[in-house]
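Let's take a friendly walk through this fold together.

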Amino acid sequence: MGDNKRKPDIRFQGFTDDWEQRELSSLCEKFTDGDWIESKDQSDSGIRLVQTGNVGVARFLDKPNNQKWISEDTFYRLHCEEVFPGDILISRLPEPAGRACIMPVLTTKMITAVDCTIVRTMQDVSNKFLVQYLSSQDYFKEVNTCLAGGTRQRISRSNLADFVVPIPVDKDEQDRIGNYFESLDNLITLQQRKYDKLVNVKKSMLEKMFPREGAKVPEIRFEGFTDDWEQRKVSEVAEVIGGGIPSTSNSEYWDGDINWYAPAEIGDQIYVESSERKITKLGLEKSSAKILPAHKTVLFTSRAGIGNTAILRTPAATNQGFQSMVLNDDINPYFVYSMTYMIKAKAERVASGSTFAEISGKMLGNLEFMFPSKPEQDKIGGYFESLDNLITLQQRKLEKLKNIKKSMLEKMFV
């Protein structure tokens, strides 16, 4: 923050004055750490002990199942520092160190842990503005230069006190900026809830639309399907094909037009169409890799993170970190993709290896799972494909809002 810039790139109409730079502690009428509360000091009710885990980036994270308390007697015996609604708490512990939130009204008296710094702003300083500055990338970069400690690094309160904060002189401008970001944070929180709800719906439906261990039918199924599911080996529903790598020293084998995947490329995406590296036809011939057909191949990583999956949309080969499933015509690819959480769990149990766990093609082929008729597979696969599309849409909206906030933090602060 050695920048001499005095005005942000974007600001609200009517504000033209240069911003000033002030040390963080000078903006506060209170700047102190919370209290050292040991397990023996805690009780079942009374005064709420707010922990570092309750401090998110510009948001308070209430955790009803992990609340801690001290008694009124302990509060006075230890001369605890009370925390009030509107105070800012800064967590000096990761992740990330230095994150801050405004304390909401919790309808109970509050204190906080010793690894939280209590910030109560002066009358001419907006707590909403300050907490947004304390969520900016420039701020976190500076925090990272001040971390100290052993296995769990932290930032000291004295270092925080010396941080230079760029701030508008006019409190009205501070309020406008703080309120803008508060509204944006509310939108992000709402979008996060929508995304989380869909993810939880999917998790629940995966458990209910596939038979539990030992069962022959699922708890929930589409109308018209009553037959028992059939237990089948993976090798009975697919050909399991491994990969290979051409010699890296021969340039004739590389930079061709054949897609060739490595396990690191298989992440959260459902479909893959183009690999980072490509090999030539000669490279394919000079390796153990094989061309896998599109639309009926489920890529399955067999090492370095077993069970990452994706559906192949264009013909491709893989390196030796895969045991991919080329499905029979009577098997729906999206049905298999949806059940790969079960395949992954079983594969991890049977995997072996001294340096790293790995599952062979034969081991994967011998795993057994329950399969319904093809029409029922199609229904189930279609349902989860639609649900995944909704989840992806909500995730993109969430990422867009987060990127807007990140961009505006850079442009609306000096």
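Strand β6, which covers residues 88-91, is joined to β7 by three bridges, and the two run antiparallel. Please keep in mind that this is a predicted model. Within this pairing, isoleucine 88 has isoleucine 102 of β7 as its bridge partner.

The pair belongs to an open sheet of four strands, arranged in the order β2-β9-β6-β7 with antiparallel pairing. Which strands stand at the edges of this sheet? They are β2 (28-33) and β7 (100-102); each has a single partner strand, so one side of each is left without a neighbour in the sheet. On average, neighbouring strands here are turned by 20 degrees against each other, direction ignored. As a reminder, strands of a sheet pair through backbone hydrogen bonds, either parallel or antiparallel.

**Backbone details**

Now follow the chain into the loop between β6 and β7, where glutamate 95 is found. Proline 96 has its place in that loop between β6 and β7 too. Glutamate 95 takes part in a cis peptide bond with proline 94, with omega at about 10 degrees, and in a cis peptide bond with proline 96, with omega at about -10 degrees.

Aspartate 255 is not a glycine, yet its phi is positive, near 60 degrees. Histidine 295, also not a glycine, has a positive phi of about 70 degrees. Where do they sit? Aspartate 255 is in strand β13 (residues 254-261), while histidine 295 is in the loop between α7 (281-285) and β16 (297-300). Are these residues buried or exposed? Aspartate 255 counts as exposed because its relative accessibility is 73%, over the 50% cut-off. Histidine 295 is exposed as well, with a relative accessible area of 54%.

Here are the backbone angles side by side:

| Site | Angle | Value |
|---|---|---|
| Proline 94 and glutamate 95 | omega (cis) | about 10 degrees |
| Glutamate 95 and proline 96 | omega (cis) | about -10 degrees |
| Aspartate 255 | phi | near 60 degrees |
| Histidine 295 | phi | about 70 degrees |

**An enclosed strand**

Next, turn to strand β19, residues 323-327. How many of the five residues of β19 are buried? Five of the five are, so the strand is largely enclosed by the rest of the structure. Both of its faces are covered: Gln323, Met325 and Leu327 are buried on one side, and Ser324 and Val326 are buried on the other.

What are the partners of β19? Strand β12 (residues 238-242) runs antiparallel to β19 and is joined to it by five bridges. β16 is also antiparallel to β19, joined by two bridges.

**A buried serine in a loop**

Our last stop is serine 287, in the loop between α7 and β16. Its relative accessible area is 15%, which is under 20%, so serine 287 is buried. A polar atom of its side chain lies 3.2 Å from the backbone nitrogen of alanine 289. Leaving aside neighbours within four places in sequence, serine 287 is in contact with Gly244, Ile245 and Pro246.

Key
Residues numbered from 1 in each chain as written. Predicted model: local features only at pLDDT ≥ 70, side-chain atom pairs only at ≥ 80, totals over all residues. Heavy atoms only, no water. Pairing = 2+ DSSP bridges. Axes fitted to C-alpha atoms, helices over the stretch in contact; angles between N-to-C directions. Buried < 20%, exposed > 50% of the residue type's maximum accessible area, 1.4 Å probe, protein only. Polar contact = N/O pair within 3.5 Å; in protein donor to acceptor, adjacent residues only side chain to side chain. Contact = heavy atoms within 4.5 Å.
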